[in-house]
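Hi everyone, thanks for coming.

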Amino acid sequence: MDITQIPYTFENAEKIVNEFYATSQVTNEFKPQLDQWLKQAQNSQEAWVFGWELIDMNKSINCQFYGASCLYNKVSKHFGDVPPEQYDILKNKLLEKLLLYATTLLDNKHQQIRLIQRKLNSALAKLALYLIQDQWQNCIQDMITTIPNCINEPEKHEEQRNQLILIVIDLLTLLPEEYQTLSNLNKLKRTQINSQLKKNFPLIRDYLLNLFNSFNSLPPNMLLSTSSLYFNMIENSIKCLTSWIEFGIQMNDIQQFIDYLFVYIYNDSLFDQSAECLTSLFSSEDNLKYTNSIFKYMPKILELQNLLTKFIEEKDNDGSVVLTKLILAFGENQLSVIFDGFLSNNDQVKQILLQFINLIMNLTSMPGNFPVDEESSDLTFVFWYSLQDTLLGIDQGSNELLIIFRPFFINLLEIFILKLQLPNNYDDWTEEEKERLRCYRIDIGDTMVYMISLVGEVMLEFIVKRLVRCIEAEPDNWRIQEALIYMLQSVVSELNESCSPDFSYNNDIYLISFVDLIPKIKYSNKHILSTTLLAVGSLGSWLERNVNVLPNAISLCLLGLKTESVTQSASFALKDIINDCDLSSYAEQIIATSQEALKSCTVAQNYEIRLMSIIGMCLSDLLSVEYQRAINWLQNIVEPYIIKLTELSQLKQTDKNTQSATCHILNLLSQLMSSLIQRSQNHNSTDLMAANDSTASSVNTSFQIGMTPSGTGLNSSNDERVIVNSLLIKLIPIYKQIISRNLPNDLIVIDKLFESISVTLSSNLASNTPQPENEITEAILNELIQMFYILNENSWRRFAYEVCRQILIIWWKNDKYKSNLENLFHFSFQNAMKLMSKDMNWFHDHTDVVEQYCTCLAKLLKSKYYDLFEKFNQESLLYLLKFAQLGLQLPEQYTLRAVATFLEEFIKFTKIKNNLMEFLEHNSFNLIHVIIMGISGGLPRHLVDILSGILYTYVKEYPQLTNSILHQILIKNDFQPLLLVQQPNTSGEVQQNIPSQHLTKEQKQSFVKSVLSESNNKRKFKEAITEFSLTCRGLWNQYGKETSSKY
């Protein structure tokens, strides 16, 4: 039987709740259906009935809790079901039940009984909010006076009364909390309720204050025993106060409680609640109005230093965190008050404020290593951000304040040296602890960057001078040296970018001093070597202007490449330097060391790719000065990979290891080729390119890897491309071998193969100079085209279509290649059209192929390669439209966008070519019909905007045609939308579409009129589409209008 069809009755609810929690009797497969029934039952009309019946002491605890949850859900979400004349009945029944449970708690300490009572309290609090404006204006007064007087057993008078007081406190706590969940009410109603709650707060304040005062007369053992009801009353009263503070009650209304809170905060059991309450209180920006109160409580904040010392001695990290948050909340929100105090003539106030700043300084310098020994110092960074922001934003008295606060920030640098130091046992830390420390050090670096505008040129001077002293006095103290170098690395980029010329000159002095120190540092472990490498890498743009210190930087990078544990940092640093500097003088050293690192097989694959990129850029630099030596190095580097790739291509069977090895070699070679070309584009001037044009031809015709070109060795934008082309011509036969073996598990390799070709061709496309014409480039083209002809139709995947597009763009402008390129384009078309022989499930499983082919077509049309499409006959064009029509039914966003972009460009293309206008007019009905189906509910809402772009292009280019088709689809054929759903029908199948009668004839006519009249205003056109879509989905209401902007 279908569980969802079981009636919502008390008996069924009780049975299903008990079965749901009796896990041994219900299979995991069946349990979700029970859960679904229980959720639906909660929202049913019958829940008003069986909810009360389930709240019976004779029922199971689970049934009682479910019944209470049902009642809370009904009051919270379905209060409109209750007629006004039954408001009092509902209120009295809830009061009766929660009082019953309160009495039960005296004899039964079961935690779930307390949870049931809490849920009933929430229901009554929510009911009070709904009625507080009119029908139950005195609800708070009634809760305070009526509930504690409901005493049934005189012998339990005091204990029962205290239990009832706990209910009152809980209800008062829930009122502001439940207010935050009133999302079903409009803004006006919420404002009215907010006003009523604040109006009644004096009642709550007086009630809580009487409780606090009464606690003073109790013996300490009765008051502070965690098992005592009095202790629970204090604890819950503080929570209640916190709830109202977070609701918006200001300091002036609760000042009577603050002294109590500063007393209770020293009690271990009440510390968390008291600190949270004070933190909420001091976090309010409204406190700026109460300047006298802030200074009044400043001494009490300073006294918390003793409590902080106790936590540190006891290694209580949780207590330190809570206390730090309280102190920071007090400081961060009173900065303007603090500044006014410093600018006043009151020396006593100034002294107190200095003590407060020093207190926060102590919080930042919390003893121990973060996060193992302490976890609170990172919280203080925001305070220093805020302090500086506020300080720099002050006009009057800013100079005086800068004099006062700058020493604090200088002192902060001293603290950072301590906090940045790695512990001696760092290698024994867990990965999570290391990651948290890494993020902590980044936060310190960010804080230092923020301090630059305040500390200025002193920062770099401070760091470098301290480093010099440390290296001279403590050469073996790597921890301090590493921390100082990390500080320098964190700020150096910002210093160079943001400083004046004079300031930059001073920076140069200290940075030169730092680079001169590099050979003097003892790299006794990987940590200091890695940090120094990162610091050197951050100097890339500065080293370009200070080439005299490059040798030290390069020597360090080469040392890093030879050290297995820091190869990653060394490759990063070297890549940063080489991006900015001409390293032709050091190219051979870098290439040799990088090659050794590659041969060692100890480098991770992604770092190998970075090293290959470095080699490519160094080869490009070397070409300009030692052409033949560069060629020799290239030969030496690529030959082993070509041999290995040849061996792999000849395998008749492959596994995951051989596939991974093949893909990695393809990545390495493509990275080498692309970096060669990109380097030349970045560094060669236009004049140099022109000078080399005359030599390019001779180089192109004779070059083979390992041979000297017949012309001069002048570097040009074509030199690197010539080398890349010569390398590519050697690789393509190997690629063809991989493709031709046609192994079923080679799809990943083939896709990677075309991706590597695509990377290389992308570099050619990015070049400012045309592809050189010679035998090699012609051979490359022919070989690439042949690759496609031996490609299995299932291997035409994403990058195959991308390479096809790149080939067409690179060589199309040369008339001698057009015939072959046209054949290639039509061949790719034929393979794409074969996809239509598959079912729709295949389309859903291969959206990447559909996306890439449509992207290829769209880019060709956008680049005005119209000649390619003009060769299509009408049958081929029709197939193309049908392919796109199928693509429009795919719910993947990027795929749909690619299809839509192609169609928009194709529609524009047909308008330019008059002979195709008639074709589109005869073949647009089905296409527009699919678009309308998708807009009206066939596709998710967030995709409607994509479909609207196609329709907009139709309206703009073919207004009469669009008008005619829309009238025929919507009005003549009486179109009604089908909404996409995913619900199983009675036979177990999934129904994809069900009729949804939401459109009238007038609505359809209005839609057609709107879209045709807004052809010159795309924004209003999309608004019309959105309204139509929401109407079709039954969502055109205020909610739909508000949320439509998200899509």
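Okay, let's start with the largest pocket. It has 33 residues lining it, and the ones nearest its centre are Tyr 426, Arg 438, Ser 530, Leu 534 and Ser 569. Keep in mind that this is a predicted model. The space in the largest pocket comes to about 900 Å³.

So where does that lining come from? Four helices each put in at least two residues: helix 20 (431-455), helix 22 (478-498), helix 24 (526-537) and helix 27 (567-580). Which helix gives the most to the lining of the largest pocket? That's helix 20, with 7 residues. As for the kinds of residues in the lining of the largest pocket, you get 12 nonpolar, 11 polar and 10 charged.

Now the second largest pocket, with about 490 Å³ of space. Here 24 residues form the lining, and closest to the centre you'll find Arg 114, Arg 118, Asp 170, Asn 236 and Lys 239. Helix 6 (111-131), helix 8 (157-179), helix 11 (229-247) and helix 13 (271-282) are the elements that each give two or more residues to this lining. Helix 11 has the largest share, 9 residues. By class, the lining of the second largest pocket splits into 6 nonpolar, 10 polar and 8 charged residues.

Stay with helix 11 for a moment, and bring in helix 9, residues 187-215. The two pack at an angle of about 155°, and their axes are 11 Å apart. On the helix 9 side, the contact includes Phe 201, Leu 208 and Phe 215, while helix 11 brings in residues including Ile 238, Leu 241 and Trp 244. That contact divides into 14 nonpolar, 2 polar and 1 charged residues.

One more pair: helix 1, residues 10-21, and helix 4, residues 61-77. They pack at about 120°, with axes 9 Å apart. That angle makes helix 1 oblique to helix 4. And is the crossing of helix 1 and helix 4 left-handed or right-handed? Right-handed. Helix 1 uses Ala 13, Glu 14, Val 17, Asn 18 and Tyr 21 for the contact, and helix 4 uses Asn 62, Cys 63 and Tyr 66. By class, there are 5 nonpolar, 2 polar and 1 charged residues where helix 1 meets helix 4.

Terms used: Residues are numbered from 1 along each chain as its sequence is written. This is a predicted model: local features need pLDDT of at least 70, side-chain atom pairs count only at pLDDT 80 or more; totals for chains, interfaces and linings use all residues. Side-chain values use heavy atoms; hydrogens and water are left out. On a 1 Å grid over the protein atoms alone, a cavity is a set of points where a 1.4 Å probe fits but cannot get out, and a pocket is an open set with protein on both sides within 12 Å along at least five of seven lines; lining residues have an atom within 4 Å of a point. Grid points are joined across faces, edges and corners, and a volume is the space filled by probe spheres set on the points. Ala, Val, Leu, Ile, Met, Phe, Trp, Tyr, Cys and Pro count as nonpolar, Asp, Glu, Lys and Arg as charged, and the others, Gly among them, as polar. Axes are lines fitted to C-alpha atoms, for helices over the stretch in contact, and angles run from 0 to 180 degrees between N-to-C directions. Contact means heavy atoms within 4.5 Å. Angles under 35 degrees count as roughly parallel, over 145 as roughly antiparallel, 65 to 115 as roughly perpendicular and the rest as oblique. A crossing is left-handed if the near helix is turned anticlockwise from the far one by less than a right angle, and right-handed if clockwise.
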